[in-house]
Amino acid sequence: MIKELSNTAHSEKSSAIDFFKMNHEKILFCQDEQSGLKAIIAVHNTVCGPALGGTRMWNYVSSENALIDVMRLSRGMTYKNAISGLNLGGGKAVIIGDSKTQKSPELFMKFGEFVNSLSGSYITAEDVGINPQDMLHVNKTTDYVTGLPGKKGDPSPITAYGVYMGMKAALKFQSGNESLSGKKVLVQGVGHVGLYLVDYLHKEGAEIIVSDINKDAVKNTVNKYNCKFIDTNDIFNSQIDIYAPCALGATINNKTIKELKCNIVAGAANNQLQDENIHGQQLIDKGIVYAPDYLINAGGVMNCYAEIHGISDEKVMQMAGNIYNTTLDILHKSKNENISTSLAANKIAEKRIKEETIKLNNVK
Ligand code: NAD
């Protein structure tokens, strides 16, 4: 269960945390004075295959917060890759710094050297604050990188497609009708994935409201799609049909859950529930259908997997489209077993990890 640690891209108390409880295989601290690199790579689990997960660049308030974030994110990747049936384990990296002012080719090349030192047990890609051009610099010092321009490229469009399909499945489950036409959808964060999601929603005639701390991102989206926007402080006061978190994690927490006025939560952000057990159940109690984050945002990692294994674009779209069926299965499992949707998803992922562990042990 991902419950011990809070997402602390924000500042939070994290004293008395037992870091070993999350069962990571390996954590690598990466530091280079010349390029200014400060990064952490977390390899959570490689039972299903090499650990794959993106690199996030964020101005963390402390290195402890960065550590907690990368540990939570990498564990989430283990579950995501397992439930998606990919032969990949879970890993993630964070680079501590401002992605607007502190990027340089040298920094990414140095980071690539650290990735390379793990000999393929960790494969990287884009995440928040990182774009395909940055990955090209990483690729100068390691081959263990995906999401490259000229190959499958930016995973965000496929991620958005999977989220869109997961959202439709949640709507079908909740109301019997999967059409988003006329539904009021609030997209929090219109970055790489959020913007592509808005495009899908627009095409289907949803009533879109966007919110982002980046004023330019809001302006561009509003101009392009003629949609509404709200201040980031008003997100949880708004009466909406669907809340789509597409920024950072832990936005469903003790404070926000009391205010949330929607029927469905379905978005791209990783680790949306601050505490899986508590907040997963509270959403059920409020009658809100939660499409588990790592289940519906798996399109991006499917795209990375396709890049590694030479799988066609058509096939990877099919894989992402199948998120619709998997989401429906998980939502029904949650209802039938009277457990939260996140717990239902975890059970499936843990079953696969257990099976792969037994297979591995038999080979040994
Ligand atoms: P991004 O950096 O391109 O976009 C994130 C956006 O969120 C930015 O515009 C940022 O300004 C905004 N934001 C940050 N804090 C905010 C807040 N408090 N309120 C409103 N807006 C805020 O990142 P992305 O690649 O679009 O990823 C978004 C989320 O989806 C992340 O949680 C990421 O881990 C997850 N995700 C991304 C992918 C992918 O393919 N890129 C795949 C799976 C999951």
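A: Start with the radius of gyration. The model is predicted, and its protein chain comes out at 19 Å. A compact globule of 364 residues would have a value near 21 Å, so the chain agrees with that expectation. The C-alpha trace spans about 50 × 50 × 45 Å along its principal axes.

Next, the make-up of the fold. The protein chain holds 13 helices and twelve strands. Take contacts between residues at least 6 apart in sequence: 67% of them join residues at least 24 apart.

Then burial and surface. Of the 364 residues, 57% count as buried; here that means under 20% relative accessible area.

Now the cavity itself. How many cavities of 30 Å³ or more does a search of the whole structure find? The search finds one. About 90 Å³ of space lies in the largest cavity. Eleven residues line the largest cavity. The closest to its centre are Asn271, Glu276, Tyr290, Asp293 and Tyr294.

Finally, the lining by class. Five of the lining residues are nonpolar. Three are polar, and three are charged. Tyr counts as nonpolar in this scheme, so Tyr290 and Tyr294, both among the residues closest to the centre, belong to the nonpolar class. Asp and Glu count as charged, which places Glu276 and Asp293 in the charged class.

Methods. Residues numbered from 1 in each chain as written. Predicted model: local features only at pLDDT ≥ 70, side-chain atom pairs only at ≥ 80, totals over all residues. Heavy atoms only, no water. 1 Å grid on protein atoms, 1.4 Å probe; cavity = no way out; pocket = protein on both sides within 12 Å on 5 of 7 lines; lining within 4 Å. Points joined across faces, edges and corners; volume = space filled by probe spheres on them. Helix = DSSP H or I, 4+ residues; strand = E, 2+ residues; numbered from the N terminus. Rg over C-alpha atoms; globule rule 2.2 N^0.38 Å. Buried < 20%, exposed > 50% of the residue type's maximum accessible area, 1.4 Å probe, protein only. Contact = heavy atoms within 4.5 Å.
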